[in-house]
Structures are given as C-alpha cells and as structure tokens.
Amino acid sequence: MLTEEQIIQNEEEYSRLLMSTGRKGIDGLLRHLKENTDFFTAPASSKFHSNFNGGLAMHSLNVYKNFKSLLQLKDIPMDEDGIIITSLLHDICKCNYYIKDQRNRKKDGKWESYDVWTTSKSLTVPLPHSARSIRMLRGFIQIKFLEELIIFYHMGPFGGEDFEYRNLLKQVNEQHPQTLLFYTADLISSYLDETSEA
Ligand SMILES: [Fe+2]
Ligand SMILES: [Fe+2]
C-alpha cells in the first residue's frame, strides 16, 4: 500500500521523466493521463503485483529503473528518451481498466465485506494488452520502431501462444536484445520489487 504522499511523489517523478523526453505531443499525453484517466491512482493488477492505489505508476517507475540497469549491465545501447517512453507507457492500457468492487466473506463465523479490484468488461479500445497500449500512445505521440517492438513484445512468451508469435518473439529477442531486457525488467519489477495485497 502507498501513502497519499508517495502517490503524489510518484506522479511528480513520472511527470518529470516523461516531459524530459521532449517528444512532440508528450505534454498532451501527460495532460490526458492526469485529467481523463485514473493512471496515477490505478493499481498495476487486480490480484497480483502492486494491486493497490498508485500501483500502476509505481510499477512503471520500477520498470524504468530496472530496464536502465539491465541495459548498462549488458552494455546494450538505447536512447534515454526511448527508455523512458517504453518503461513509463508500456502499461497505459491499464488506465481506466480496474474497478473497485466489494465482496462478502465469512471470517470467524461472521460475514464481512471487503474491497476487490475487478476489470472493465467494455473497453473503448478492444485490443489485447500490448496492442492497446500502442494504440493509445499513438493518439498523442509518434514512437520509434524499436520502442514499438519493446512494448509489443513486453509480455514475452505470455503475450501469445501461436506458432508465429513464438517464432517472431525469438527473432526479435535475438535481433533487438532491448526487447528481452525489457521483458526481464518487467518481471523483476513485478516479482521481486513489488508486493500484492490480499
Ligand atoms: Fe504489461
Ligand atoms: Fe508492466
């Protein structure tokens, strides 16, 4: 769980990084996230990593730090603006997606209600996870080919089960190692750096 102060600090850090890219249209995208979406208060998942208020922005910042470290560790080049754009925006498809709901459970013989996160069943952009983020981004900024590959394949083997997807993933990981490091940074953030709440 994050305090109100931590949520505000993360929003400031996120905004500062995004604006530092100087990418044309980035101010409009940031304004959109702040004014029309729940991005800075949304969870990163409903049941798993960072499933609490502000989890999505915190997860994005964790991916930024881990991705940058892995690129340095393996001495693989990537422009700073590309690291920021991919890390901070790879999961924007999750804004306006999670809904707080209530369930009942019996505890020590007594019924009590508790909060759960569920997901929206009617998406305005009905595309799968990665493709939805790319589509949402493109309404505001242009992204480079490598950035598109990184975001599209950020789920690694969990992004698709068909033969063609798996073949392309292998090819892309070999030819553009940034994609493999990004997938790894996303996993490290979700499984090692972040917790979930029951
Ligand atoms: Fe994701
Ligand atoms: Fe992610």
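In which sense do β1 and β2 pair, and over how many bridges? The two strands pair in the antiparallel sense, over 10 bridges; two strands count as paired if DSSP finds at least two bridges between them. Helices (H or I, at least four residues) and strands (E, at least two) are DSSP runs, numbered from the N terminus. This is a predicted model, in which local features need pLDDT of at least 70 and side-chain atom pairs count only at pLDDT 80 or more, while totals for chains, interfaces and linings use all residues. Residues are numbered from 1 along each chain as its sequence is written, and chains are lettered from A and ligands numbered from 1 in the order in which they are written.

Within the hairpin that β1 and β2 form, 2 residues lie between the strands, and aspartate 108 in the turn has a positive phi of about 50°. Glutamine 102 stands opposite aspartate 115 in β2. Strand β2 covers residues 110-119, and the number of its 10 residues that are buried is 0, so it lies largely in the open. Here a residue is buried if 20 or more other C-beta atoms lie within 10 Å of its own, exposed if 12 or fewer, and partly exposed in between, with C-beta atoms placed from the backbone.

Helix α1 (residues 4-20) has 17 residues and reaches 24 Å from its first C-alpha to its last, close to the 24 Å expected; the expected span is 1.5 Å times one less than the number of residues. Asn10, Tyr14 and Leu18 of α1 are buried. They cover an arc of only 60° around the axis, which puts them on the same side of α1; the arc is that of the directions from the helix axis to the C-beta atoms. On the face turned away from the buried side are the exposed residues Glu4, Glu5, Glu12, Arg16 and Ser20. The cover over the buried residues of α1 includes α2 (26-36), α3 (55-73) and α4 (80-89). Just after α1, glycine 22 takes a positive phi of about 65°.

The loop between α2 and α3 holds serine 50, which has a positive phi of about 45° although it is not a glycine. Serine 50 counts as buried, with 26 C-beta neighbours inside 10 Å. In α3 itself, the 19 residues should span 27 Å, and the end C-alpha atoms are 26 Å apart, which agrees. Its buried residues include Gly55, His59, Tyr64 and Phe67, and what covers the buried residues of α3 includes α1, α4 and α8.

Phe67 also belongs to the largest nonpolar core, where Phe39, Phe67, Leu88 and Ile92 touch the most other members among 36 residues. Such a core is a set of buried Ala, Val, Leu, Ile, Met, Phe, Trp, Tyr and Cys residues joined through C-beta atoms within 7 Å. At least two residues each come from α1, α3, α4, α5 (129-138), α6 (145-152) and α8 (177-193). The largest share, 6 residues, comes from α3. Leaving aside neighbours within four places in sequence, phenylalanine 39 is in contact with Leu33, Leu56, Ala57, Ile92 and Cys95; contact requires C-beta atoms, placed from the backbone, to lie within 7 Å.

Methods. Contact = placed C-beta atoms within 7 Å.
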